[in-house]
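Today I am looking up a few packing details, and here is the model I have on screen.

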Amino acid sequence: MSSIAAAPTPSAPLNPAGTRRVLADVIARPSSRVRAFALDAGLVIAGATIVALLAQVEIPLWPVPITGQTLGVIVVGAALGAWRGAAALTTYMLVGLAGLPVFAGFTGTLAAVGKPSFGFVIGFIFSAFVAGWFAERAWDRRPGLAFLGFAAASAVPFLFGIPYMAFILNVVMGLDYSFSALLGAGLLPFIVGGLVKAALAAAIIPGAWALVRKADKTKE
């Protein structure tokens, strides 16, 4: 008698080698591919909305304001996983450029590309991917590991934001910011806040997993 391996169904998606499910994968997936795609699209839109809301938690500074965006980016990336997290932040950026008031201060315009802070928005896409990458390797289950992964993800926007800010300030606007002045404007004011946001995310995501495990035990 021949045996035929059962084909995987959309309700139990295969993950790449070495990865585990993220919080979004706890949601039961529809059996239809179209509905599964619609679910993922809904998660991406929800993620972009969370970041848009936290962007309005703002301490105005120039050239880069302090906002709650980074916390949203990390939580969304970890909850959705690398690719869906990156898609959520790409959506956030594109709808803001299209004119929806999702950026800090309820702003949104194509002219945002000319702001010194826009490089950080680009960096958020990669930051969400990194947070999701760590989550897919179960670093988000334990607060200590989660903090390390999320702190690394928090550093990613600066790799894009500071060079972009330097270009806008010194080349486009014709100012003369030195390297130390750029760090003083675009990095130093955000270090403590970034660590606090990483710590908050490292409490939120493992806490959510604890609730999931508790719910699973009640079903046994």
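I start with a convention: a crossing is left-handed if the near helix is turned anticlockwise from the far one by less than a right angle, and right-handed if clockwise. The model is predicted, so I note that local features need pLDDT of at least 70, side-chain atom pairs count only at pLDDT 80 or more, and totals for chains, interfaces and linings use all residues. Residues are numbered from 1 along each chain as its sequence is written, and side-chain values use heavy atoms, with hydrogens and water left out.

**Entry 1: α2 and α3.** I looked up how α2 passes α3 and found a right-handed crossing. The contact (heavy atoms within 4.5 Å) involves Gln69, Val73, Val76, Gly77 and Leu80 on α2, and Ala82, Arg84, Gly85, Ala88, Leu89 and Tyr92 on α3. I sorted these contact residues into seven nonpolar, three polar and one charged; Gly counts as polar here. Helix α2 spans residues 69-80, and its angle with α3 is about 140°, the axes being 6 Å apart.

**Entry 2: Ser117.** I located Ser117 in the loop between α3 (82-97) and α4 (118-135). Ser117 is buried, at a relative accessible area of 19%. Leaving aside residues up to four places away in sequence, I see Ser117 touching Pro63, Val64 and Pro65.

Notes. Helix = DSSP H or I, 4+ residues; strand = E, 2+ residues; numbered from the N terminus. Buried < 20%, exposed > 50% of the residue type's maximum accessible area, 1.4 Å probe, protein only. Axes fitted to C-alpha atoms, helices over the stretch in contact; angles between N-to-C directions.
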